[in-house]
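Let's walk through this assembly together, chain by chain and contact by contact. Keep the structure open beside you as you read.

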Amino acid sequence: MSDTSSKGHHHILPMKIYLGVGGALLFLTLVTVWVAQFNFGTLNLIVAMVIAAIKASLVVLFFMHLLYDNKIYLTVFLLALATLATFIAFTMADTMRRGELDKVSARPINPKADMYNIQQAPPAAHGSGGNSASTKKEVGIGGNPTDSMASAVTNQGKQPVPTDSSDSGGHR
Amino acid sequence: MSLVQPNYLSEPQGLKSWLLTLDHKRIGVMYFTAVMFFFFVAGALAIILRTELLNPGRDLMDAQTYNQLFTLHGGIMIFLFIIPSIPAAIGNFVLPMMLGAKDVAFPRLNLGSWYIYVFGALFCLYSIVAGAVDTGWTFYTPYSTTTDTAVLSMTLGVFILGFSSILTGLNFIVTIHKLRAPGMTWFKMPLMVWGLYATALIQVMATPVLAITLLLLILERSFGIGIFDPALGGDPVLYQHFFWFYSHPAVYIMILPGMAIISELIATFSHKRIFGYRAIGYSSLGIAFTSFLVWAHHMFTSGQSEFAAMIFSFLTFFVGIPSGIKVFNWVVTMYKGSIDLKTPMLYALSFLFLFTIGGLTGIFLGALSVDVHLHDTYFIVAHFHYVMMGGTVMALLGGIHYWWPKMFGKMYNEVWGRIACIIIFIGFNMTFFTQFILGSQGMPRRYYTYVDQYQPLHAFSSVGSYVLGLGFLIMVIYLIYSLFKGAPAPSNPWGSLTMEWETTSPPHPHNFEHEPVVKHGPYDYDTVLIDREAEQTNFRVRR
Amino acid sequence: MAIETAEDHHKTKHASHVQHHFANSEQQADSAKLGMWVFLLTEVLMFGGLFCAYAIFRAWKPEMFSEAHKQLDVVLGATNTVVLIVSSVTMALAIRYMQLGKKRITLINLWLTLGLAGTFLVIKYFEYAHKFHLGQLPGKFYTFQGIEGTNPHIFFSIYFAMTGLHGIHVIAGMVMISWLIYKTSRNTFSSQYYTPIEMTGLFWHLVDLVWIFLFPLLYLIA
């Protein structure tokens, strides 16, 4: 036995609903074409989608009978829209926020940790300064977080530029 | 009554009656045969791959062939075996009976799903001979749009298989909503049904996105539409979003039915009311819901934005909660139960151990900072084999051994059942635990060769795979033997309270002789006495 | 004990249109409706993937989209929108008149729906033919030179993918409606049993729904 019998079963809508909704849909089509000639900037898309959503609601509620039917069918339909919205929203959280790596500023949890003393290169190859100071600066961590992290990051994967302060590999 | 009653296997007779059957039990058996066939094909491929990996460098094949074989292994295992396995093979068989229904809601659609599956499988098999795909089962662009292997036929095959999955899910959803017997409320349904319901929800919501992804991939390859190929202005990471939006929920299509079976096995073989029925039921829905929010944790190193990566990493931790709830509830169910260590229960216990490891390592990998190091290493391979094989396949094997007497009317040899289970358990851990170590030491996945330092672990893993294979071989032998020489099965050999055990073994074509009425809940072991010796199950409610 | 055959059960308990595994006509009709709504959910998600691709590429390349879309004929697009809306009305009326048991008017409305669907495809054919003529083709076949901006072929790829998939669904709908015409004329349906017409109607309305969104997104970008 079903526990979700539709009370809309055999429910017959009056003719004027069909014609009224049809007329409203045609009218809204004219509206959406008319409105498209104006430029509201970013609102253009929103206005068009709102009109489309109204049209869609009319079709779904009346022609597809959801206004009168058991709520389960409406739940199914809304579930579809919610899943689609999730897909689009989360994907765009990626696609609209690309290229932000440079803005990521990280600070080491423990600036004195061994892992930052990557090269213990022989002093002859290096010039100025204490070994550890220049080492840290070369790797770009521990001194000035934002700048040096950014420069370390932008140097990733590229050939190291042999200047005084930004040697990035213990290859001497 | 005659010794061999008419049952769904014997009635009606003839090949045509099978090819045009609308009986969900026959459709289930056909699916069962097909998925197990593909499991062994893909398993054989795995053994070949592991043999190649015994030593670095070339042992049996060149690198291109290796790529083709692991693609096939993954593709067949995922699309032809594991996704349909429990729902279409076991679910089709038991679901209507568990609900007290005569069949699924749309029997003709069910047969249609079967033929669509066959059709899709043929396309995939054709692709093997037409230039087997070497992209990995994930078909990442732009390689998949430019490689000259048979991507088109393989993706077309998977596209078709997707519809089989969708229609099975649709059928189950409507069956569960509409065809329950009088008295079977939602909270009197076995947890197997809750699990199949949640699986079906994912099938219908996620698989259509796979369909459009593969369609776009086919268009990209044929017409160069430029959505995914950077050379044409497209974005390859977008492909990954599209692909994983389906493929992450898909892994829950794989595990939820397994968990569904475990609920049945633990309750039956502990002879105890399942602990936390509603928690387990709702957690199935919780898994289905959260599974849609985490897909890009497969893409942490793809080049997606850091913002998205952080969101997905954060959300991934929530997915573990409902799974954890289930494991705790199962364990508590066993506490003070009357545990019967039959073969199905051994598989259920294996599941608890192996799935916990698999699930936990999944949480490790959900941490963005950790995954950056472990992505595309053997750690990942170990993780997903622990959940898919240590999880789903163990549950499937438990389910096969549980419902075998019902499906075929025969008992298998219990001693050999336990031996095979133990060998499989040992072989599995030898093969895959080793791979956690390999991966954390840096061994990349999908690599044909490797540096010498990894060789001992690789060799050990390969030997483990042979042990695993041996266990399966033994299993096949005693199961097939039972079909011919096994003892006839009573209707309720395990003393379970779910409704399928009220039918004969094997069941009558129409399942129940009279319209069933729900007299007790599926786990009322504390209030119902079961007479297991009877030909038909007799229940008396204990006062 | 004798087991009631399916045939006995069938004759004593069910009207002829109710399948044996259903308890009654209402359960069968409700099951069909739930099944069709779940199917529509899958269609929304499948088309939704294309809407997602549209959204992403439009957000990345708004000027190119704006330029490229001018190549589409708004009059034809609007006409097609009107055609589909009217066809939705006639489809809904077909269901209504079978609810009232009026076979002849049902058939008229089914034929009208079919004709309007065909009209939609004819208009689409002219649109496509024009684009083929100009070289505004998807992907690697794109040869049109008149649009500023990088990679304008992407707009047309998305256009053809979306309208193409939609067109396939229009054709599928036409096949279903033709089948309904055949079955209606053979008196298969009545005021007690018109489920297939209702289900086809739901499918057809979805086809209309997709176009309601396609039209402004493809033809009316300001």
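Across all chains of this predicted model, a search of the whole structure turns up 12 salt bridges. One of them crosses between chains: it runs from A:Asp69, in the loop between helix H2 (43-63) and helix H3 (71-95) of chain A, to C:Lys33 in helix H2 of chain C. The closest N and O atoms of A:Asp69 and C:Lys33 are 2.8 Å apart. Are these two partners buried or exposed? Both A:Asp69 and C:Lys33 are buried.

In chain B, the side chains of B:Arg273 and B:Asp526 meet at 2.9 Å, N to O. B:Arg273 sits in the loop between helix H8 (236-270) and H9 of chain B, while B:Asp526 belongs to the loop between S2 and S3 of chain B, so this pair ties together parts that are 253 residues apart in sequence. B:Arg273 has a relative accessibility of 36% and therefore counts as partly exposed. B:Asp526 is partly exposed as well, with a relative accessible area of 43%.

In chain C, a salt bridge joins the side chains of C:Lys70 and C:Glu67, at 3.2 Å from N to O. C:Lys70 has a relative accessible area of 54%, which makes this residue exposed, whereas C:Glu67, with 29%, is partly exposed. Salt bridges with shared partners also link A:Asp69, C:Lys33 and C:Glu198 into one network.

How many salt bridges are counted between chain C and chain A? The count is one, and the pair is A:Asp69 with C:Lys33. Four residue pairs are in polar contact between chain C and chain A.

Now turn to the contact of chain C with chain B. It takes 39 residues from chain C and 40 residues from chain B. Together chain C and chain B bury about 3200 Å², with 74% of that area on carbon and sulfur atoms. Zero salt bridges are found across this interface, but seven residue pairs between chain C and chain B are in polar contact. Helix H1 (6-13), H2 and helix H6 (153-185) of chain C each supply at least two residues of the side that touches chain B. The largest share of that side, 19 residues, again belongs to H2(C). The residues of chain C that touch chain B divide into 23 nonpolar, 13 polar and three charged.

Aromatic rings come next, with 76 aromatic pairs over all chains. Take B:Phe40 and B:Phe472: their ring centres are 6.2 Å apart and their planes lie at 80°, so the pair is edge-to-face. B:Phe40 is in helix H2 (residues 24-52) of chain B and B:Phe472 in helix H15 (residues 455-485) of chain B, so their pairing ties together parts that are 432 residues apart in sequence. B:Phe40 is partly exposed at 32% relative accessibility, and B:Phe472 is buried at a relative accessible area of 5%.

The aromatic pair of B:Tyr277 and B:Tyr523 is tilted, at 6.1 Å centre to centre and 55° between the planes. B:Tyr277 lies in helix H9 (residues 277-290) of chain B and B:Tyr523 in the loop between strand S2 (487-488) and strand S3 (528-531), so the pair ties together parts 246 residues apart in sequence. Both B:Tyr277 and B:Tyr523 are buried.

Helix H15 of chain B also holds B:Ser465, which is buried with a relative accessible area of 7%. Leaving aside its neighbours within four places in sequence, B:Ser465 is in contact with B:Ile47, B:Arg50 and B:Thr431.

Finally, look at chain A on its own. Chain A has five helices and zero strands. Of its 172 residues, 35% are buried.

Terms used. Residues numbered from 1 in each chain as written. Chains lettered and ligands numbered in written order. Predicted model: local features only at pLDDT ≥ 70, side-chain atom pairs only at ≥ 80, totals over all residues. Heavy atoms only, no water. Salt bridge = Lys/Arg side-chain N within 4 Å of Asp/Glu carboxyl O. Polar contact = N/O pair within 3.5 Å; in protein donor to acceptor, adjacent residues only side chain to side chain. Phe/Tyr/Trp six-rings, centres within 6.5 Å; stacked < 30°, edge-to-face > 60°. Helix = DSSP H or I, 4+ residues; strand = E, 2+ residues; numbered from the N terminus. Buried < 20%, exposed > 50% of the residue type's maximum accessible area, 1.4 Å probe, protein only. Contact = heavy atoms within 4.5 Å. Buried area = accessible area lost by both parts, 1.4 Å probe. Nonpolar A, V, L, I, M, F, W, Y, C, P; charged D, E, K, R; others polar.
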